[in-house]
Amino acid sequence: MMRVGVNASKPESVPLAFTSGTTRPASIVFVAGPFGPFLRVLAASLKNQSCRVTRLILNGGDLLDWGIRDAAIFKSGPERWGSWVHEQLRRVHATDIVVYNDANPYCAGAIAEARRLNIRVHVLEQGYFRPHWITLEQDGVNGSSLLPRSPGFYRLAGAKLLAAPPKPVGRITPTAVRNLILHHLAMWLMTPIFAGYRAPYAYGVARQCISHVVRFGRQRLQKKRQESELFRRLERAGPIFVALMQRPGDSQLLRHSSVGTTANFIDTVIASFVANAPDDAQLVFKGHPLDHGIEPHAHTIARVAADLGVSDRCLFLDGGHLASLLRTAVGVVTVNSTAGLTAIEFGKPTVVLGQAIYDMPGMTHQSGLDNFWISPQAPDPSLYLCFRKVVMALTQINGAYSTRRNMRMAAEGICRRLFPPAADAVVAQPLLVDQQRTSLSDKAHPLNAVFAE
């Protein structure tokens, strides 16, 4: 995989909104973005706030999604990326950068340069609570998030917040798939222009595309057989545990866990299951909905289960309805998938093998994987509700990255978050953070500003 120099250190304090009353308008630089025209829509909203906006173009897909206006085009190899970004940030007098997915090597390199120049960093990602939300955080997301891992913080802050129902985003998959296809087609067609670009994927785009098509067909052909096998397992008397798989090559595996690969996840989970779970327990591995299908999970699970003598107790399910499966489960194992939040919402004991924003006492099982099979710790519903309200208020924006209506809704929400009206200059003005009851011991911590009067 391509490596770009990254400074792992974080700034001591990063505000959660653009500073109001600055002497000059914000100059915002976009580095990468969701597939499609979302950043153009967001740029239009930011320009209405008197912001200057520039996009760094890395490949043909970026050029298709953005165009040539307000753009700086990078045509060199990865070794020049850091210095080039540094030059561009200084050239436009950048005050802020916006990246999509902070684990992308190009985004990570840009974040490192922004920190060296004391430029604020905003990270976009898919929503922690899907499908009606997207994520906007300062400094980092997922394992790099500034969100505390303290139950006391969420209980205190969540008690003073009201939950606001989202506007439904509707059917977004067809538009998202079209945007993905067009982006990568343009990337391929313009390869000669951007010969130095290195896609940050474990597998090539063409191979992933073909494998997605093959997997789609295989799911249709195997659907009835898998359903029959699952129902047969459900009829048994023993408890059922569900293992949620990550997408191979996902940054959640590579950057925010020690598991590293899906094969290691399978080995770790089955070995612990065999050694510690009740003899009548069943283990169902649920494939990730965006898995490209290149890695043979079914074969790997069958081989490991056979080697350890539990072939009749382990099953791989590629597809199916997650909510229906969770209703039958007594416990859930995940690396750090946002689907783990769905399991917690269902009241299911959940153990996390990586770094997740929701991994804390009262939310997830805290006594390790081996103990999980015997004494799984159930989540506290009241803590989950407080956690959800606080995370919504601090990091979630109602909307989506596809369809015109959803993009406009998300862009307007981002602008309201970054440029709050004077009356709402603080996300939750009445809230106070008790330093003795939370993990926010540093009074300069940016989250304190959000809950200060």
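**Salt bridges and cores: a working chat**

Mentor: Lys47 and Asp70 form a salt bridge, with the closest N and O atoms 2.7 Å apart. A salt bridge here is a side-chain nitrogen of Lys or Arg within 4 Å of a carboxyl oxygen of Asp or Glu. This is a predicted model, where local features need pLDDT of at least 70, side-chain atom pairs count only at pLDDT 80 or more, and totals for chains, interfaces and linings use all residues. Residues are numbered from 1 along each chain as its sequence is written, and side-chain values use heavy atoms, without hydrogens and water.

Trainee: Where do Lys47 and Asp70 sit in the chain?

Mentor: Lys47 is in helix 1 (residues 38-47). Asp70 is in the loop between helix 2 (60-66) and strand 3 (71-73). They are 23 residues apart. Helices (H or I, at least four residues) and strands (E, at least two) are DSSP runs, numbered from the N terminus.

Trainee: What does Arg120 meet in a salt bridge?

Mentor: Asp96, at 2.7 Å, N to O. Arg120 is in strand 5 and Asp96 in strand 4 (residues 96-100), 24 residues apart. Both Arg120 and Asp96 are buried.

Trainee: Switching to His122. Which side chain does a polar contact join to His122?

Mentor: That of Asp96, at 2.8 Å. A polar contact is a pair of N or O atoms within 3.5 Å; within protein, one must be able to donate a hydrogen and the other to accept it, and residues adjacent in sequence count only if both atoms are side-chain atoms. C-alpha to C-alpha, His122 and Asp96 are 7.4 Å apart. His122 lies in strand 5 (residues 120-126) and is buried, at 1% relative accessible area.

Trainee: What does Ile97 touch?

Mentor: Its contacts (heavy atoms within 4.5 Å) include Val29, Leu89, Arg120 and His122, not counting residues up to four places away in sequence.

Trainee: How many residues has the largest nonpolar core?

Mentor: It has 76. Ile97 is among those with the most contacts inside it, as are Phe30 and Trp81. Helix 14 (residues 381-395) gives the most to this core, with 8 residues. A nonpolar core is a set of buried Ala, Val, Leu, Ile, Met, Phe, Trp, Tyr and Cys residues joined through side-chain atoms within 4.5 Å.

Methods. Buried means under 20% relative accessible area, exposed over 50%, partly exposed in between (1.4 Å probe, protein chains only).
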